[in-house]
Amino acid sequence: MQTYLLSQQFDTGVLAENSTACPANATICNGTSCVLPEDNFNEILNVVLSTVLTIMLALVMFSMGCNVEIKKFWGHIKRPWGIFVGFLCQFGIMPLTAFLLSLAFDVLPIQAVVVLIMGCCPGGTASNIIAYWVDGDMDLSISMTTCSTLFAMGMMPLCLFLYTKMWTDSSTIVLPYDSIGISLVALVIPVSFGVYVNHRWPTKAKIILKIGSIVGAVLIVLIAVVGGILYRGSWIISPKLWIIGTIFPAAGYSLGFLLARVAGLPWNRCRTVSLETGMQNTQLCTTIVQLSFTPEQLELMFTFPLIYSIFQILFALLILAGYRVYRRHQVKTKTDVEKTEDKEDSKSVSSHAKINGGFISNETK
């Protein structure tokens, strides 16, 4: 059993009077130093929270599937223009942006590698939740997340080989195909159940969707808070990585939206592609980093996925708030226009009635 040394300063008078001043669970007590058993509370907490969050995420993806229609989803698969645009964003724009940011800020080679790993990761499931709240195309969102996770098995090694050889040997980076496979299964199975429920019981599916969207919003905040608590000792890191972690997701959202618009996609799909581009699977990036590098290297790079995760959520919430304000303004504007048109119609009807001796035809009512 591993142990660690806990140094405690005791008052000599207290030690003389009370020999039990040393903690009761100490295995060795010598002077002012006590050897205590390793506290694995944080490890247990991590396992428990990971299990709870995984179950919650599966339930949320089930509810997101309740908004997917089989015909529309299959339409995206048969005519995959939107998926293709998303593919270009995910494995074209994001790795290139990561490469350019690493060059521009001249970070350490090992730090450039973690930025590139983040840029090569597939889309995260949080994008599906935000896409729902901004009235995005949920069928496209689900299909893009699924396809990017599937394509990641081949595209991640290729992108890392192309971009990281300037700084390190890409063969040293261990890609956890089992984690990618688990992510894919955890996405496809609950979504499939949700699609089936929507097909069989559309009324109940709407209720499940509303509940799941609220739970999903809570889950996003919860993941950010839990990550900050569990890894609170890892926040000392180069300011350059903080800056990159701020710019990178914002660039992903902006460039994804721009490319989708240039490709001629409608506005709701542009919002969807934007979110799918900027929101990366940060859990997968963390797993790759932990498997591939030594503890000394982890000290320089481990925090970056957490930084990216925080700012991708922050910018997504800003996008959501901006869209809600825009939508409310548009609704008010449309209402004012409709009232004006109704007044003009009533005036024209009354004048028409006067001319025709008070007779109003059924067509003008």
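Rings of Phe, Tyr and Trp (its six-membered ring) pair if their centres lie within 6.5 Å; planes under 30 degrees apart count as stacked, those over 60 as edge-to-face, and the rest as tilted. Keep that rule in mind for the first stop, where F87, F91 and F151 form one aromatic cluster.

Before you start clicking: this is a predicted model, in which local features need pLDDT of at least 70 and side-chain atom pairs count only at pLDDT 80 or more, while totals for chains, interfaces and linings use all residues. Residues are numbered from 1 along each chain as its sequence is written, and side-chain values use heavy atoms, with hydrogens and water left out.

**Stop 1: aromatic rings**

Select F87 and F91 in helix α4, where they sit four residues apart, about one turn of the helix. Helices here are DSSP runs (H or I, at least four residues), numbered from the N terminus. A search of the whole structure finds ten aromatic pairs. In one of them, the ring centres of F87 and F91 are 5.5 Å apart and the planes stand at 55 degrees, so this pair is tilted. Are these two residues buried or exposed? F87 is partly exposed at 25% relative accessibility, whereas F91 is buried at 7%. The cut-offs are under 20% relative accessible area for buried, over 50% for exposed, and partly exposed in between (1.4 Å probe, protein chains only).

Now jump to F311 and F315. Their ring centres are 6.4 Å apart with the planes at 35 degrees, so this pair is tilted. Both belong to helix α14, and being four residues apart they are separated by about one helical turn. F311 is buried at 17% relative accessibility, while F315 is partly exposed at 21%.

**Stop 2: the nonpolar cores**

Next, which residues have the most contacts inside the largest nonpolar core? Select I117, M156, F248, F293 and F304; the core they belong to has 42 residues. A nonpolar core is a set of buried Ala, Val, Leu, Ile, Met, Phe, Trp, Tyr and Cys residues joined through side-chain atoms within 4.5 Å. Colour the helices that each supply at least two residues of this core: α4, α5 (109-120), α7 (138-164), α10 (239-262), α12 (282-292), α13 (295-301) and α14 (304-355). Helix α5 gives the most, with nine residues.

Zoom in on F248. Leaving aside residues up to four places away in sequence, F248 touches M94, T97, A98, L101, V115, M118, G119, F304 and Y308. Contact here means heavy atoms within 4.5 Å. Apart from this core lies another, of 25 residues, and M56, I130, M138 and V195 are among them.

**Stop 3: a patch on the surface**

Select L96, L100, L103 and M166. Together they form a nonpolar patch on the surface, with about 360 Å² of accessible area. Patches are made of residues with over 30% relative accessible area and no salt bridge; like charges are joined within 9 Å and nonpolar side chains (Val, Leu, Ile, Met, Phe, Trp, Tyr) within 5 Å. The areas come from the Shrake-Rupley method with a 1.4 Å probe, and for residues only the protein chains shown count as cover. L96 itself is in helix α4 (residues 81-105) and counts as partly exposed at 38% relative accessibility.

**Stop 4: loops and salt bridges**

Move on to D106, in the loop between α4 and α5. Most residues other than glycine have a negative phi. D106 is not a glycine, yet its phi is positive, about 50 degrees. At 59% relative accessibility, D106 counts as exposed.

D135 also calls for a look: its phi is positive, about 60 degrees, although it is not a glycine. D135 lies in the loop between α6 (126-133) and α7 and is partly exposed, with a relative accessible area of 30%.

Which residue forms a salt bridge with D135? Select R327: the closest N and O atoms of the two are 3.0 Å apart. R327 lies in helix α14 and D135 in the loop between α6 and α7, so the pair ties together parts that are 192 residues apart in sequence. A salt bridge is a side-chain nitrogen of Lys or Arg within 4 Å of a carboxyl oxygen of Asp or Glu, and by this rule the count comes to two.

For the other bridge, select D137 and R269, whose closest N and O atoms are 3.0 Å apart. This pair links distant parts of the chain, 132 residues apart: D137 is in the loop between α6 and α7, and R269 in helix α11 (residues 267-278). D137 is buried, with a relative accessible area of 8%, whereas R269 is partly exposed at 28%.
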